[in-house]
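Please read them with the coordinates open.

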2 protein chains.
Amino acid sequence: MSDNQADAGGAVQSKRADARRNKETLLDAAAKVFVASGVDAPVRDIAREAGVGLGTIYRHFPTRADLVIAVYRHQVEACAEAGPALLASNASPYVALREWIDLFVDFLVTKHGLAAVLRSDSAGFETLHTYFLDRLLPVCTELFDAAVAAGEVRSDLSAYEVMRGVGNLCAGAEGDDRYDALRLVDVLVAGLRR
Amino acid sequence: MSDNQADAGGAVQSKRADARRNKETLLDAAAKVFVASGVDAPVRDIAREAGVGLGTIYRHFPTRADLVIAVYRHQVEACAEAGPALLASNASPYVALREWIDLFVDFLVTKHGLAAVLRSDSAGFETLHTYFLDRLLPVCTELFDAAVAAGEVRSDLSAYEVMRGVGNLCAGAEGDDRYDALRLVDVLVAGLRR
DNA sequence: AAACGATACGGAACGCCGTTCCGTTTAGCA
DNA sequence: TGCTAAACGGAACGGCGTTCCGTATCGTTT
């Protein structure tokens with residue numbers, strides 16, 4: 001899962017060993033910097049942490065957003081895969097949805113500022129936004145629709161809105177001890193109930 | 001309401017006519033640019049629109065945020081003043097709270113990107129963030145506490161969380177027709193109910 | 001009317017950002 | 001052991017908010 005940065009499947013590996021090694025180094029360094037300083041950390045910080053030039057970063061990841069995507073891709077993957085599993089192991093689709101949202105939220109708040117990226121249109125992050133949506137929205141939709149079909153939640157919303165809503169609630173939760181994102185998401189999810 | 005930029009009351013007017021005129025021009029220009037391009041519009045755009053140098057802006061408004069505050073001050077004021085009024089004219093504090101939140105949301109979504117500012121810690125916007133909180137939080141608290149006291153809403157939240165939550169839900173609502181912030185706020189507020 | 005501070009003005013300059021460009025180095029193959 | 005395509009580092013670019021300062025203007029005082 002570590003190499004392709006376009007769609008899953010057909011990505012080509014670089015021929016040269018140093019390039020592959022550097023990409024790996026870069027991903028590690030970026031992950032480290034992201035947890036330390038948030039997703040907004042300057043590209044230069046990551047380059048320094050990796051002991052690498054700026055050009056190197058930008059050949060591997062054409063855009064800051066692409067780097068962020070690559071770093072979090074497999075974590076998003078895990079979240080996506082949990083969806084169907086939860087649906088299968090729960091009698092109530094609503095409960096499954098709630099638990100999936102818990103997972104989603106955990107993921108978001110663990111990574112500094114990642115949630116903020118979910119609502120950003122500032123060009124560069126559009127890619128990341130798109131990726132999150134492409135991968136997670138179908139999962140969320142499946143859970144949400146099941147809960148709607150079971151008559152457990154109100155039906156005047158879209159799964160998309162729920163996901164973005166949750167993402168937005170988590171935005172900027174870091175470093176503000178008066179604001180408990182988990183609890184607010186709980187309120188939102190409670191409001192979903194029919 | 002047009003001149004003071006510190007706290008209400010004791011602000012001193014500039015002695016020179018051109019300064020007063022420029023400040024006015026600046027506020028008009030900024031308002032115009034903000035509706036056209038959102039609160040994130042570059043300072044230089046505002047300077048150009050006003051036909052004024054950058055230095056002039058920064059003497060009148062030490063920070064971008066101060067300018068934004070000045071532009072929206074009386075609208076924030078109106079929102080703040082509506083709180084007690086709603087509380088007085090409604091039998092149910094919960095209904096008053098809900099209506100106040102409607103006002104608040106209207107204000108946020110009408111002005112491009114203003115909501116995003118509520119969740120931002122990015123240094124530059126801190127002033128703006130602080131101002132919003134200082135003025136609006138007490139109002140929201142009054143309404144919220146009344147609703148809690150009346151036993152109409154759950155009590156494991158703070159007014160601060162509600163306000164930030166609503167603000168967050170509205171962030172990035174522009175230009176996304178699949179995302180209806182109003183409706184999500186509605187869900188959140190419904191979830192508040194006890 | 002003239003002269004003179006105090007005050008306000010414009011915009012060049014600074015530091016930080018993401019990103020691009022290109023001369024230099026190096027890996028892997030013949 | 002060369003040779004070349006690939007990858008490298010980092011200077012340079014344009015855009016941002018903000019600062020700084022020489023210049024122009026205002027309002028006053030003679």
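1. In this predicted model, the buried residues of α5(A) are covered by elements that include α4 (64-89), α6 (126-149), α7 (159-170) and α8 (181-192) of chain A. The buried residues of α5(A) are A:Pro93, A:Tyr94, A:Ala96, A:Leu97, A:Trp100, A:Ile101, A:Phe104, A:Val105, A:Phe107 and A:Leu108.

2. Helix α5 of chain A runs over residues 93-110, and its 18 residues reach 26 Å from the first C-alpha to the last, which is close to the 26 Å expected at 1.5 Å a residue.

3. The largest nonpolar core has 141 residues, and those with the most contacts inside it are A:Trp100, B:Trp100 and B:Phe132; of these, A:Trp100 is one of the buried residues of α5(A). Once its neighbours within four places in sequence are left aside, B:Phe132 is in contact with B:Val76, B:Phe107, B:Leu114, B:Val117, B:Leu118, B:Leu137 and B:Met163.

4. Around DNA strand D there are 27 residues, of which A:Arg16, A:Asn22, A:Gly55, A:Thr56 and A:Arg59 come nearest. Sugar and phosphate make up 59% of the atoms of DNA strand D that come within 4 Å of the protein. By class, this surface has nine nonpolar, nine polar and nine charged residues.

5. The element that gives the most to the surface near DNA strand D is α3(A), with five residues.

Note on methods. Residues numbered from 1 in each chain as written. Chains lettered and ligands numbered in written order. Predicted model: local features only at pLDDT ≥ 70, side-chain atom pairs only at ≥ 80, totals over all residues. Heavy atoms only, no water. Helix = DSSP H or I, 4+ residues; strand = E, 2+ residues; numbered from the N terminus. Expected span 1.5 Å × (residues − 1). Buried < 20%, exposed > 50% of the residue type's maximum accessible area, 1.4 Å probe, protein only. Contact = heavy atoms within 4.5 Å. Core = buried A, V, L, I, M, F, W, Y, C linked by side-chain atoms within 4.5 Å. Near = heavy atom within 4 Å. Nonpolar A, V, L, I, M, F, W, Y, C, P; charged D, E, K, R; others polar.
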